[in-house]
Amino acid sequence: MGNTTLQAVRGMNDILPDEAQLWLWFEDAVRDWLEAYGYRNIRMPLVEPTALFKRAIGEVTDIVEKEMYSFEDSLNGDQLTLRPEGTASCARAVLQHSLLYNAPQRLYYSGAMFRHERPQKGRYRQFHQIGVEALGFAGPDIDAEQILMCSRLWKKLGIRDAELQINTLGDAASRHRHREKLIAYFEHHKNVLDADAQRRLYSNPLRILDTKNPAMQELVSAAPKLMDELEEDALKHFEEVQAILHQHGIVFEINTHLVRGLDYYNRTVFEWVTTRLGAQGTICAGGRYDGLIEQIGGKPAPACGFAMGIERLLALLQEDGMQNLRAPLDVYLVHQGEQANRLAGGVAEQLRDAGLKVVLHCGGGSFKSQMKKADASGAACAVIIGDDEARAGQATLKALRDGGGQQRVALAELQQKIREFNLVRG
Ligand code: ATP
Ligand code: MG
């Protein structure tokens, strides 16, 4: 056995404390926002039967064809997959626990997703999403509400450059007609198709429209449009979504090539995109998926949802100058001398009882070195107890920023003085 240092799996990141604080701040903001719309939290396992994703996402998709971490449970032979997204799991849970029996559901989840992609900025193998799903709703009002929600979140986070693209994928009949026309069109231009497109020509021609290959863009932009095939209901649904967006002053662009990378979508699909993250510019994506519940074995139930990439959103915030944060700390407790050391632990606990955030110096060392640690801790003040103070039932309270005045106070008044002191500091 060598002594090589072990590293994290490629594309799977540690989030270190300074940055994690920004995550916590973000998660709090997001939770308030979701609760403002009546969404409730749901938590699903990170591992699901592989069959769930094959059925829900579709066999001929990037995710199922080449991005899933699938493995056999060596103990019982089950085929399992680390979840690449949350919608399928959420729908599975809703179905399994009959949550749609009496009422529609507004649900959200947050957590790690796994896809075997080429790691680069904004694209990782373990990444994190906030997923938002409304199940049991058929009308255009919920589609529009979800888009409005996003717009409110961008405002709340100070993201000003997210652009909205929307499209409709229609219903089964129009998609079938469109598919026939697409196949005929692409067959006619077979020489321009890349290997992926050739492979998908008959299995999933719609997905060819989603290609990122620059050499195929011209071909794809001239392809037959689903919009020309839409059935009346689907068209009306799409128009109502747009009307509500207009009514709320939401600016959008209709992108007829927006098909989304997963098979379960129908009717409304949307993406929020920025130009600031290079090729990884989609920060949020979603749409309607009326067929999914039935596809995984339930009674048909309409639904609509979206997912946001947390890493991409945080990258935007950091680019906007939002610094990594530090959890606020009120007190660093410095102590030296036998009597003082005995006293310090109890004083720290009392301050915590009073609701203060306190780090008790551990590991001994000189006053000077302890004070250095106090300064570096980011605490608002140091509480210093030497044997002198201990004998007198007092502590020295020292401001660590803004000039750093200090005073001796009785231990009995310590927490009150700290509060006054923090108040004075603003
Ligand atoms: P892309 O086209 O960028 O691959 P996608 O269509 O595969 O995205 P979705 O499955 O719709 O992505 O996931 C929703 C959101 O999750 C994306 O808009 C993005 O913000 C984020 N996301 C997806 N894959 C990754 C990844 N590998 N690393 C980081 N974020 C990701
Ligand atoms: Mg992808």
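**Close-up views of a predicted model**

**View 1. Pairing of β15 and β16.** Strand β15 (residues 394-399) and β16 run antiparallel and are joined by five bridges. Within this pair, Leu397 has Gln407 of β16 as its bridge partner. The coordinates shown here and in the other views come from a predicted model.

**View 2. The five-stranded sheet.** The pair of View 1 belongs to an open sheet of five strands, ordered β13-β12-β14-β15-β16, in which the pairing is mixed. At its edges are β13 (358-360) and β16 (406-410), each of which pairs on one side only. From one strand to the next the twist averages 25°.

View 3. Three strands form an open sheet in the order β2-β4-β3, and the pairing is antiparallel. Because the edge strands β2 (47-49) and β3 (70-72) have a single partner strand each, one side of each is left without a neighbour in the sheet. The twist in this sheet averages 35° from one strand to the next. Three bridges connect β2 with strand β4 (residues 79-82) in the antiparallel sense; Glu48 has Thr81 in β4 as its bridge partner. Helix α2 (residues 50-57) packs on the sheet and touches β2, β3 and β4, with its direction at about 75° to that of β2.

**View 4. Polar contacts of ligand 1.** Oxygen atoms of ligand 1 lie 2.8 Å from an N or O atom in the side chain of Arg123 and 2.9 Å from an N or O atom in the side chain of Lys212. For Arg312, a polar side-chain atom is 3.2 Å from an oxygen atom of the ligand. Ligand 1 taken alone exposes 590 Å², of which the protein buries 91%.

**View 5. The shell around ligand 1.** The elements giving two or more residues to this shell are β6 (126-135), β10 (282-288) and β11 (303-309). β10 supplies the largest share, four residues. Ligand 1 is surrounded by 17 residues, the closest being Arg115, Glu117, Arg123, Arg260 and Thr282. By class, the shell holds seven nonpolar, four polar and six charged residues.

Technical notes: Residues are numbered from 1 along each chain as its sequence is written. Chains are lettered from A and ligands numbered from 1 in the order in which they are written. This is a predicted model: local features need pLDDT of at least 70, side-chain atom pairs count only at pLDDT 80 or more; totals for chains, interfaces and linings use all residues. Side-chain values use heavy atoms; hydrogens and water are left out. A residue is near a molecule or strand if one of its heavy atoms lies within 4 Å of it. A polar contact is a pair of N or O atoms within 3.5 Å; within protein, one must be able to donate a hydrogen and the other to accept it, and residues adjacent in sequence count only if both atoms are side-chain atoms. Accessible areas come from the Shrake-Rupley method with a 1.4 Å probe; for residues, only the protein chains shown count as cover. Ala, Val, Leu, Ile, Met, Phe, Trp, Tyr, Cys and Pro count as nonpolar, Asp, Glu, Lys and Arg as charged, and the others, Gly among them, as polar. Two strands pair if DSSP finds at least two bridges between them. Axes are lines fitted to C-alpha atoms, for helices over the stretch in contact, and angles run from 0 to 180 degrees between N-to-C directions. Contact means heavy atoms within 4.5 Å.
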